[in-house]
Structures are given as C-alpha cells and as structure tokens.
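I opened the notebook to record what I looked up, entry by entry. Before anything else I set out the sequence and the structure.

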Amino acid sequence: NNPEPHRNNTKNEDLNSTQIEIIKLAYKSEITARDVMQRFNITREHASRLLSSLARQGYLKRVNNSKPYKYVIEEKGKAYLSE
C-alpha cells in the first residue's frame with residue numbers, strides 16, 4: 001500500500017523537481033506548455049498537465065483564454081521559492 005507522493009490534501013503539497021523548476025521558470029517570465037515541453041524534453045500534453053496542476057494548486061495562474069495558454073507565478077509560488 002504505497003501512498004501517492006502528490007496528494008493535494010496536505011497544506012504543503014510535495015512538489016517534484018520538475019514542478020519546482022517550472023515555478024522557477026514562471027518567476028522569471030510568463031511561460032507556456034511549449035516552453036516547458038522544450039526545457040524538460042517532455043510531451044506537450046505532459047507539460048500542459050503539469051502547468052494545469054500547478055495552477056489548480058495555486059502556484060501559477062493562467063493569464064489568457066487564447067491558446068497557447070500562458071502562465072505566471074502566483075504569491076503561493078513566490079512564497080514556496082522563498083522558503
């Protein structure tokens with residue numbers, strides 16, 4: 001019975017190294033799934049899921065409704081990086 005590492009029911013979610021790097025990228029400038037895909041050599045779908053997940057958790061915010069979606073860092077993301 002393995003607990004899942006990325007549960008959202010704790011106050012401080014456990015982020016993996018890729019998620020942390022994505023937050024750091026968003027700290028510098030707005031990012032898209034394509035940016036994440038190229039930086040980490042993953043599929044666009046995987047990149048989109050990672051960004052959506054970080055936005056749902058409050059670390060990032062999606063800033064436009066046209067595609068490609070762009071994401072910026074939120075206060076929660078800044079606070080996470082300053083810990």
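**Entry 1: ground rules.** I noted that this is a predicted model, in which local features need pLDDT of at least 70, side-chain atom pairs count only at pLDDT 80 or more, and totals for chains, interfaces and linings use all residues. Residues are numbered from 1 along each chain as its sequence is written, and side-chain values use heavy atoms, with hydrogens and water left out.

**Entry 2: the fold.** I looked up the secondary structure, taking helices (H or I, at least four residues) and strands (E, at least two) as DSSP runs numbered from the N terminus. The protein has 4 helices and 2 strands, and along the sequence they follow the pattern α-α-α-β-β-α. I then turned to burial, where buried means under 20% relative accessible area, exposed over 50%, and partly exposed in between, with a 1.4 Å probe and protein chains only. Of the 83 residues, 29% count as buried.

**Entry 3: the nonpolar core.** In soluble globular proteins, nonpolar side chains tend to be buried together. I used the term nonpolar core for a set of buried Ala, Val, Leu, Ile, Met, Phe, Trp, Tyr and Cys residues joined through side-chain atoms within 4.5 Å. The largest such core holds 17 residues, and I22, I31, V36, L51, L54 and L60 touch the most other members. Helix 1 (17-28), helix 2, helix 3 and strand 2 (71-73) are the elements that give two or more residues to this core, and helix 3 gives the most, with 4 residues.

I followed two of these members further. I31 is found in the loop between helix 1 and helix 2 and counts as buried because its relative accessibility is 4%; its C-alpha atom is separated by 5.4 Å from that of K70, although the two are 39 residues apart along the chain. V36 lies in helix 2 and, at 0% relative accessibility, also counts as buried. The C-alpha atoms of V36 and T18, 18 residues apart along the chain, are separated by 9.4 Å.

**Entry 4: the largest pocket.** I took a pocket, on a 1 Å grid over the protein atoms alone, as an open set of points where a 1.4 Å probe fits, with protein on both sides within 12 Å along at least five of seven lines, and its lining residues as those with an atom within 4 Å of a point. Its volume is the space filled by probe spheres set on the points, which are joined across faces, edges and corners. About 190 Å³ of space lies in the largest pocket.

Which residues line the largest pocket? I found T32, A33, R34, R44, S48, L51, S52, K67, P68, Y69 and Y71. By class the lining has 5 nonpolar, 3 polar and 3 charged residues, where Ala, Val, Leu, Ile, Met, Phe, Trp, Tyr, Cys and Pro count as nonpolar, Asp, Glu, Lys and Arg as charged, and the others, Gly among them, as polar. Helix 2 (33-40) and helix 3 each supply at least two residues of this lining, with helix 3 giving the most, 4 residues.

Entry 5: Rings of Phe, Tyr and Trp (its six-membered ring) pair if their centres lie within 6.5 Å, with planes under 30 degrees apart counted as stacked, over 60 as edge-to-face and the rest as tilted. By this rule I count 1 aromatic pair. The rings of Y59 and Y80 have their centres 5.6 Å apart and their planes at 85°, so the pair is edge-to-face. Y59 lies in the loop between helix 3 (44-56) and strand 1 (60-62) and Y80 in helix 4 (residues 75-82), so the pair ties together parts that are 21 residues apart in sequence. Y59 is buried, with a relative accessible area of 1%.

I also looked for charges over rings, meaning NZ of Lys or CZ of Arg within 6 Å of the ring centre and within 35 degrees of the ring normal. The charged end of K76 sits over the ring of Y59, 4.6 Å from its centre, and that of R39 sits over the ring of F40, 5.0 Å from its centre.

**Entry 6: a last residue.** N41 is placed in the loop between helix 2 and helix 3. Its phi is near 55°, a positive value in a residue other than glycine, and at 73% relative accessibility N41 counts as exposed.
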